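This report describes a sheet, a helix pair and a chain contact, in that order. The sequence and structure are shown first.

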Amino acid sequence: MNVTIVDYKSGNISSVINSFEEVAKDKVNIEVTSDLNKIKSSDKVVLPGQGSFKSCVEALNNINGLTDILNEFAITNKKPLLGICVGLQMFADIGYEETETKGLGWIAGKVSKIDNQNGKFKLPHIGWNQINIVKDSKIFKEINNNSHMYFVHSYEFIPEDKNVISATTDYSSNIVCSVEKENIFGTQFHPEKSDTIGLKIIDNFINL
Amino acid sequence: MLKNRIIPCLDVKNGRVVKGINFVDLKDAGDPVEQAKIYSDGGADEICFLDITASNENRDTIYDVVKKTSKKCFVPLTVGGGVRSVEDINKLLNCGADKVSINTAAVENSKVVIDSSKKFGSQCIVVAIDAKKNGDKWEVFTHGGRNNSGIDALVYAEKMENNGAGELLVTSMDRDGTQVGYDIELMSKISSRVNIPVIASGGVGNLDHLVDGIKLGKASAVLAASIFHYGKHSVKEAKDYLDSKGIPVRI
């Protein structure tokens with residue numbers, strides 16, 4: 001089996017690579033690439049994302065044909081894809097970080113700044129917070145409700161259809177922190193930085 | 001609920017830990033990778049490396065340390081010390097650091113913080129502020145505490161937030177190494193002034209100091225070095241203690 005981590009030259013993906021390699025050991029082949037043919041032929045795709053919504057979307061668009069291939073992979077062929085952090089946020093129709101930017105439009109909704117309640121809550125939302133699992137998700141197999149995950153973000157994904165939400169976390173408001181829509185999975189938190197419990201989520205995705 | 005973080009810090013010189021945990025079963029007490037792994041296995045919420053390598057020719061040793069650690073530790077790794085440029089930050093991130101802390105360079109050239117937070121995102125840019133009390137204000141020091149910039153630390157903290165820092169690592173130079181506790185006044189003043197998280201550092205001698213840093217100093221995270229070294233306290237003990245005092249921690 002091949003799992004491809006999409007390297008679209010935006011942000012730091014070393015930790016994502018290290019964690020997938022740790023979990024995959026020799027059983028699964030982990031590719032890190034922006035090569036369209038390799039992405040197309042892989043079994044699973046991971047879409048990381050660091051920095052702003054705008055910079056990540058721009059970086060995706062800078063690689064000719066990449067969004068088309070991702071659309072084909074996730075929407076037409078319905079193969080498993082995991083978005084992490086801004087990778088998840090880009091599933092939305094639109095994001096409001098820096099300026100209004102169009103997302104991939106895979107899950108209807110928007111990405112807006114977390115309401116810090118007039119400075120009562122610090123932003124970014126950095127650190128370990130518990131997840132409240134609201135629906136069975138294949139990537140949460142053997143993950144206990146209220147497990148701690150590592151977060152670092154100032155924007156949140158607000159999907160229109162609440163049925164896609166698989167987990168939320170409690171900060172200044174109830175923040176969507178995981179989604180599952182058919183073959184599309186996403187985590188706002190960083191499983192690659194969430195200790196052994198995070199690695200278990202990666203393992204679940206690899207073993208889908 | 002968001003938990004307060006406990007961050008053990010390791011001083012690394014020429015690729016070796018200078019002060020560290022002194023367990024009898026440690027194979028190599030000077031190996032930063034092994035020490036970091038002990039901390040992360042013990043429940044550390046983050047690991048911090050401070051590179052205090054003096055000479056330029058040994059500067060590259062930290063990259064190798066970060067590379068090896070990031071393959072073994074799956075909690076956030078912050079690396080600081082001697083970070084001068086956007087290129088230095090890029091190199092550390094590529095080696096597997098999750099955040100980079102910038103100290104002297106942020107004072108000397110504010111473009112470093114502005115440019116790096118734009119390029120890599122604020123989430124990985126930590127500005128380290130070394131502050132020392134002078135009369136009724138605190139001044140920012142650079143070059144490992146040797147030079148006084150004369151800049152007001154509170155004004156500077158706000159400026160760094162505006163420049164794109166995602167977090168501030170605030171060290172009281174008056175308290176650093178004294179083990180008498182954090183400079184609570186400094187921590188709470190800076191924390192109240194900015195809307196980004198503050199990590200308190202400098203002066204921890206016992207577990208009550210960690211409690212004070214969070215409760216009174218309003219810090220989101222507490223960093224400590226020596227209390228975790230030589231097995232005085234484990235990270236687990238610190239967390240259990242904070243928990244017993246009603247502070248939310250990840251256990």
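## Model and confidence

pLDDT is the predictor's confidence in each residue, on a scale from 0 to 100. For chain B the mean pLDDT is 93, and 96% of the residues of chain B reach 70 or more. The structure is a predicted model, with scores of ipTM 0.94 and pTM 0.96.

## The sheet of chain A

Chain A holds an open sheet of nine strands with mixed pairing. The strand order is β2-β1-β3-β4-β13-β12-β11-β8-β9. The edges are formed by β2 (29-33) and β9 (148-153) of chain A; each has a single partner strand, so one side of each is left without a neighbour in the sheet. On average, neighbouring strands of this sheet are turned by 25 degrees against each other, direction ignored.

Within this order, strand β4 (residues 81-84) and strand β13 (residues 184-187) of chain A run parallel and are joined by four bridges. In this pairing A:Leu81 of chain A stands opposite A:Ile184 in β13(A). Helix α1 (residues 14-24) of chain A packs on the sheet, where α1 touches β1 (2-6), β2, β3 (44-47) and β4 of chain A. The direction of α1 makes about 170 degrees with that of β1(A).

## A helix pair in chain B

In chain B, helix α2 (residues 61-70) packs with helix α3 (residues 86-95) at an angle of about 30 degrees, and their axes are 8 Å apart. Angles under 35 degrees count as roughly parallel, and α2(B) and α3(B) are therefore roughly parallel to each other.

On the side of α2(B), the contact is made by B:Tyr63, B:Val66, B:Lys67 and B:Ser70. Helix α3(B) contributes B:Lys91, B:Leu92 and B:Cys95. By class, the residues of the contact of α2(B) with α3(B) are four nonpolar, one polar and two charged.

## The contact between the chains

Chain A gives 29 residues to the contact, and chain B gives 28 residues. On the side of chain A that touches chain B, at least two residues each come from α1, β8 (125-133), β9 and α6 (195-206) of chain A. Strand β8(A) gives the most to this side, with five residues.

The residues of the side of chain A that touches chain B comprise eight nonpolar, 16 polar and five charged. Two of the elements named here also belong to the description of the sheet: β9 of chain A stands at an edge, and α1 of chain A packs on the sheet.

Conventions. Residues are numbered from 1 along each chain as its sequence is written. Chains are lettered from A and ligands numbered from 1 in the order in which they are written. This is a predicted model: local features need pLDDT of at least 70, side-chain atom pairs count only at pLDDT 80 or more; totals for chains, interfaces and linings use all residues. Two strands pair if DSSP finds at least two bridges between them. Axes are lines fitted to C-alpha atoms, for helices over the stretch in contact, and angles run from 0 to 180 degrees between N-to-C directions. Two residues are in contact if their C-beta atoms, placed from the backbone, lie within 7 Å. Angles under 35 degrees count as roughly parallel, over 145 as roughly antiparallel, 65 to 115 as roughly perpendicular and the rest as oblique. Ala, Val, Leu, Ile, Met, Phe, Trp, Tyr, Cys and Pro count as nonpolar, Asp, Glu, Lys and Arg as charged, and the others, Gly among them, as polar.
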